[in-house]
Amino acid sequence: MTLAVCCLLAACSTKETPPAAATQSISVIPAPAQVVMNPGAFELKAATPVRYAAGSPGEQVASYFVDLMQRTRGVALTAAAGDTDAPQTIAFVLQAREGSQVEEGYSLHVSPERILVSSHSPRGLFYGAVTLWQLAASERIPALEIEDAPRFRWRGLLLDSARHYQSPQFIERLLDTMALHKLNVLHWHLTDDQAWRLEIKKYPKLTEVGAWRVPAGPAAAADIDPATKRPRLYGGFYTQDQVRAIVAYAAARNITVMPEIEMPGHASAPIAAYPQLGVTGKASAVPADWGVYRNLYNVDDSTFSFLEDVLDEVLALFPSEYIHVGGDEAVKDQWHASPRVQARMRELGVKDEHALQSYFVQRIEKYLNAHGRRMIGWDEILEGGLAPNATVMSWRGIGGAVAAAGAGHDAVLSPAPTLYLDNRPLNTARPPGRGPVVSIEDVYRFDPAPAELTEAQRAHIVGVQANLWTEHVRTEDRAEYMIFPRAAAIAEVGWSPPERIDWQSFAARLPDQLARYRALGVGFAQAPEAVAVVPGRRTSHELASCSEKILLSLEDDAPLQGERAVFLVDIMNPCWIYRAADLSEVGAIAASVGQVPFNFQIGDDIKKIPLRKPQTAAGELEVRIDGCEGEKIATLPLAPATKSYAVTELAPVAIAKRTGQHDLCFMFTQAAVDPLWVLDTVQLVGLADAEGGAHPATVGNNR
Ligand code: TNX
C-alpha cells in the first residue's frame, strides 16, 4: 500500500460517521452531518458570557443568538467582545480552517468547561448559532462535537405573493423562521396574472393598476367600495423601500431573496396596466381566475426595452446572483394567432412558437449575464432550446432537472406535487389548497439524488425547494400552516447528508421542532383534536371524491367577513360518495350546499366537465344508490340555495326504507359550469326524526 493510500484511509477513518444512535440523542433539525457525544454537559446560566473577538463577525452572530435566547427561552444572556478562550463562556470564533472549505460549514464543541462555535465564514458561524439555540432547550447542554456543512447550496422556499398578498412583517417573520431551518433562498414570486406586486418607478401603473383586482364571484362584485362606488379591490404591493428592508433583513440571516418576474406568460396583470405589452392590444382588468391564461407579452423590441427597464430596477433592489424569469405555462395560442408575432418570427427566422419562447428567454438571459447575473426559469425554458447559461427549476416532476443536468446545466429540484406546499398537509385537516394530501413524510422522503442521474449529472443538482403557491391560501395564518412543519422536512433533505436521512429519527425529533414553533409564535399544521362525530353526518372532506382530476379544498367566496366554508371538490367532476352508508335506520337525507364562482382558466378542458340536465331552473342535488349510475333515491331542489352566496341547509328529503350498507353518490344537475355547486355536508336522518318531520339534528358545520 502506498503512503498516499495510507493517509487517505487514515483521513477517512477519523472522519468516519458516528453510529446513528449518537445523532439521535440530540434533537436538531436539520440533522448535523457529524455528531460525537461526549460525557458530561455544559450548564447554561443567565450569567454565562457570550464572547467574540472585538471587531469580528462573531459580534453579529453573538447578538443574534442572545436575542433568540431571550425571545424564545426567556434567558437574558449578554454578548460582549472579550477573551474567547475563557472558561465557562460561549464563544463565537471566526477562524481559518484547514480541509473542507464548504462556505456554510461550522464546528460546535460543547464541553463541561465551555462552548465554542467556530467557522471560517460568518455564514457558518450563524448556522452554528442556530444549532446551539436548538440544543439550548434546557440549561444542560450535552457535551459533544459537531462538524456540520450542508449537502446542497440551494435550500429554498417559494412564497407566492401575487395570488395573495402578505405583509412585509409577515415576510420578515418568515425569513426569521427560515433561518432557523438553515434555509437560504426565499424565491419571491412577485408577478403573475392576478397581480404585479413590485413597485417599478419607471412604470407606475404596474402597481397602480396591476396590484389590484376585484375578487371572483358575486359576493365580491356586490361589495361596493363607498369611496369609488365600484366593487372593492383586493391587493397591495411592495414599495422599493420595503423591498430593500426585506432584502437586508434576509441577508442578515444568510438568506438570499431571489425575485421572480414572470415572462412571457403569467403576465395578465402587467398587460392590464400597459396593454401595448400584450399580443391582442385589448385593454382588460386584472383578472381574478386561477389557472392558465392565454395572455403573453408580445415580442416587439419596445416590450424587451420595457422588460430590461424593469430588470434594471430589479437588479438594483436584489443582489441575488440568480434572477428567476418564470417561463412556465406560456400557452402559445396568442402568438400563433397574431399576424404581427408571426411576421416577427419570420424576420427572426424562428421556426415555431416554442423556438420563439426560446428566443425570448435567451434575449433576456443575455441581458442578465451582461449585468453579472444568472438566469433561472421553470423547466419549460428547456422547450425550443435552453438558454446557454440558464439554470432550470424542475417542477413538472424531475424530468426537467434530468434533461438540464444531462445537457450540463444546473438544476434545482422543486417537483409537484411532492414539494408543493399548496397541497393539504394532513388527511384530517381541511385547509383550502390543493386536495391531494402531501404529508410531511412525503416531503421528507423526497430523493434529491434520483437514480436517473449519473454521478456527474448529480453534481448539477444545486439544491431543493418547496413552493407555497397561494391561489387558495388567502391569509398569513394559513400560509404558515401550509409551510410548517413541512419546511422542516425540506430543510433536512437539503442540508443533511444522505446517511443522516432517516424518517424515524426525524419523526422523533419533530415534537421538539413544534415546541420551537410555539416558542417563536409560528403557526403550523398538526392533526386536529378528534371532533365529536354527528352520526350519519359527513363533510365533503369526509366523503370520497368520485375522481381526483383537479381536486381542490376550496374556500367559499362568502361571507366576505368572518369564517367561510371549505369544500373538497373535484372541479372537473363535482361528485361525492358516502361509502357504506347503513340505511337500515335512515328515513331521509339532508345536505348543506354552497355555490362558488367557477374561476378557473382551464382552456378547452372546461368542455370535459359533465353537465347533468336539471329538472328545475335552479337545478338539484341528486342522490343515487350503489354507485353513481345507480337508482336515484332522492332529489333535493337547489332553489332555496340560490339566494345565498354562502352555505344553505337543504331540508331533508324522505327516502324509501332499505336495509344494509350502500354507497351513496351525490351529484348536482345544472345547466352551466358557473357557479360551481359544492357539497358542504350530507346527513342521513334517522327514521324516527324523519317520520316526525323533524329537521336533522342541528349540525355544527365545518367552518
Ligand atoms: C403551477 S409551478 C404553476 C403555478 C401555480 C401552481 C399551483 C408553476 C411553475 N406554475 O402558477 O400556482 O401550479 O396551482
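Glu329 is found in the loop between strand S18 (322-326) and helix H11 (333-337). In this predicted model, the phi of Glu329 is near 50°, a positive value in a residue other than glycine. With a relative accessible area of 28%, Glu329 is partly exposed.

**Backbone geometry**

- Most residues other than glycine have a negative phi, and most peptide bonds are trans.
- Asp626 also has a positive phi, of about 55°, although Asp626 is not a glycine.
- The loop that holds Asp626 runs between strand S32 (620-625) and strand S33 (632-637).
- Met263 and Pro264 are joined by a cis peptide bond, with omega at about -10°.
- Pro264 belongs to the loop between strand S16 (256-263) and helix H9 (268-273).
- A cis peptide bond also joins Asp674 and Pro675, where omega is about 0°.
- Pro675 is located in the loop that separates strand S35 (661-668) from strand S36 (676-686).

**Overall form of the chain**

- The secondary structure of the chain consists of 20 helices and 36 strands.
- The chain is as compact as a globular protein of its length, because its radius of gyration, 28 Å, is close to the 27 Å that the globule rule gives for 703 residues.
- The C-alpha trace spans about 85 × 70 × 60 Å along the principal axes of the chain.
- Of the 703 residues in the chain, 56% are buried.
- When contacts between residues at least 6 apart in sequence are considered, 75% of them join residues at least 24 apart.

**Charge and salt bridges**

- The chain carries 64 positive and 82 negative side chains.
- The centres of these two sets of charges lie 2 Å apart.
- Across the whole structure, a search finds 38 salt bridges.
- One of these salt bridges is formed by Glu104 and Arg155, whose closest N and O atoms are 2.8 Å apart.
- Glu104 is buried at a relative accessible area of 5%, and Arg155 counts as buried at 1% relative accessibility.
- Asp223 forms a salt bridge with Arg232, with the closest N and O atoms 3.0 Å apart.
- Asp223 is partly exposed, its relative accessible area being 22%; Arg232 is partly exposed as well, at 37%.
- A salt bridge of 2.7 Å, N to O, brings together the side chains of Glu347 and Arg344.
- Glu347 and Arg344 are separated by about one helical turn, because they are three residues apart in helix H12 (residues 339-348).
- Glu347 is exposed, with a relative accessible area of 59%, whereas Arg344 is buried, with a relative accessible area of 16%.
- Arg153, Glu321, Arg374 and Asp410 are linked in a network of salt bridges.

- Val35 lies in strand S1 (residues 34-43) and is buried, with a relative accessible area of 0%.
- Val35 and His109 are 74 residues apart in sequence, and their C-alpha atoms are 9.8 Å apart in space.
- His181 occupies the loop between helix H5 (168-179) and strand S9 (185-189).
- At a relative accessible area of 1%, His181 is buried.
- Leaving aside residues up to four places away in sequence, His181 touches Pro30, Phe484, Ala487, Ala488, Ala491, Gln513 and Tyr517.

Note on methods
Residues numbered from 1 in each chain as written. Predicted model: local features only at pLDDT ≥ 70, side-chain atom pairs only at ≥ 80, totals over all residues. Heavy atoms only, no water. Helix = DSSP H or I, 4+ residues; strand = E, 2+ residues; numbered from the N terminus. Rg over C-alpha atoms; globule rule 2.2 N^0.38 Å. Buried < 20%, exposed > 50% of the residue type's maximum accessible area, 1.4 Å probe, protein only. Contact = heavy atoms within 4.5 Å. Lys, Arg positive; Asp, Glu negative; His and termini not counted. Charge placed at Lys NZ, Arg CZ, Asp CG, Glu CD. Salt bridge = Lys/Arg side-chain N within 4 Å of Asp/Glu carboxyl O.
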